[in-house]
Amino acid sequence: HSPQEQPGDKRSETGGVHRKEVCHWPCRCPPVPACIPGVSLVKDGCGCCKVCAKQAGEPCNEADVCDPHKGLYCDYSEDEPRYETGVCAYLVAVGCELNGVYYPNGQTFQPNPLYKCLCVSGTIGCTPVFTPRLAGSPCARAMGRKKTRQSTCSLGQYKQLQSTNYRLMSAYRSLPLVLKKKCLIQATPWTPCSRTCGIGISSRVTNDNRKCEMKREKRLCFIQPCLTSMLKKIKIPKGKTCQPTFQLPTPEKLVFSGCSTTQSYKLTFCGVCLDKRCCIPNKSKMIPVQFECPNEGFFKWKMQWITSCVCQRICSAPGDIFSELKVL
């Protein structure tokens, strides 16, 4: 026997080693498990049962699949010649950049006290690192009148409670809730525009689509023109320190990535302040915008159409995905 060959392994007619069968039909599935936050609930490699996907460094096989939403695959290179059991590893891919910091693909980091994030092929995914306060929790008991409430949860119970409450958190809820074709529409707030002047991009995660699946949605945003001479001409009302909005005198075509819109638009922009306040969109809607590219045809984007702005002292940096987070 070769060093890798185990007793009981069957050889094929050509002398190769057969892999053990891990899939059995008809399917017999245990109850659907409750995965901890950040771990995908997927169908196993046999196409039978819902399972918690294996994570980086964990063993995997034909049935126990690696987390596809984190760019993981099952590496069988160390199990030659059977290729029966592998280890979950990250695919070679591009990293991520957030607030000027570069993170390699597969790296876990915590840029905010409330969230832990993971870089996957240029996309950043985040999950909460805290558990909401539980009213009437079975793992808490009062320790006398003057003593504070202390937890009696074991580590396993705590993880289970964290997983259960994570599903009830309002991270993706936008009020009022809307039920559309048996799909409860949920969405994160739009991120701030990636540019303070000129055309930028903002994004959100929403399930407002035909399949009711959580997907990242992007839109164009245009907060202010980049012409400082134009901003200096904005008239601020007497006795005021801010002019929340302004418009260009005539409609103009928009230019994005070397392509221009087929129509001209008279946009509303957020204004300027004499003090340290900044003006941000307060009310807006989305419109479809079509661009025409020289010798390359047409493409369409959704764009934020600003209807009003508000001036405030809390000013977030462009592209700050955590600007909406608050400590409760």
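The model is predicted, and the mean pLDDT of the protein chain is 76, with 75% of its residues reaching 70 or more. The chain holds two helices and 22 strands, and of its 328 residues 34% are buried.

**Confidence along the chain**

- Confidence in the protein chain is highest in strand 3 (residues 59–60), where the mean is 94, and lowest in helix 1 (residues 155–168), where the mean is 44.
- Over residues 1–14 the pLDDT stays under 50, and for this stretch the model has 16 contacts beyond four places in sequence.
- Residues 140–151 also have a pLDDT below 50, and eleven contacts beyond near neighbours in sequence are found for them in the model.

**Overall contacts and surface**

- Among contacts in the protein chain with a separation of 6 or more, 45% are between residues 24 or more positions apart.
- The protein chain has an accessible surface of about 21900 Å², and carbon and sulfur atoms account for 53% of that area.

**Backbone geometry**

- Most peptide bonds are trans, and most residues other than glycine have a negative phi.
- W25 and P26 are joined by a cis peptide bond with omega at about 0°, and P26 sits in the segment before strand 1 (41–43).
- A cis peptide bond also runs from E80 to P81, with omega near 5°, and P81 lies in the loop between strand 4 (72–75) and strand 5 (86–90).
- C212, a residue other than glycine, has a positive phi, near 55°, and its place is in the loop between strand 15 (199–206) and strand 16 (215–222).
- C212 counts as partly exposed because its relative accessibility is 32%, which falls between the 20% limit for buried and the 50% limit for exposed.

**Nonpolar cores**

- In soluble globular proteins, nonpolar side chains tend to be buried together.
- The largest nonpolar core has 20 residues, and the members that touch the most others are F222, L254, Y265, L267, F291 and M303.
- Two or more residues of this core come from each of strand 16, strand 20 (268–273), strand 21 (278–293) and strand 22 (297–312), with strand 21 giving the largest share, four residues.
- L267, leaving aside neighbours within four places in sequence, is in contact with F222, F246, Q247, L248, L254, M303 and W305.
- Another core, of ten residues, lies apart from the largest one, and its members include C242, C273, I306 and C309.

Definitions and conventions. Residues are numbered from 1 along each chain as its sequence is written. This is a predicted model: local features need pLDDT of at least 70, side-chain atom pairs count only at pLDDT 80 or more; totals for chains, interfaces and linings use all residues. Side-chain values use heavy atoms; hydrogens and water are left out. pLDDT is the predictor's confidence in each residue, from 0 to 100. Contact means heavy atoms within 4.5 Å. Buried means under 20% relative accessible area, exposed over 50%, partly exposed in between (1.4 Å probe, protein chains only). Accessible areas come from the Shrake-Rupley method with a 1.4 Å probe; for residues, only the protein chains shown count as cover. A nonpolar core is a set of buried Ala, Val, Leu, Ile, Met, Phe, Trp, Tyr and Cys residues joined through side-chain atoms within 4.5 Å.
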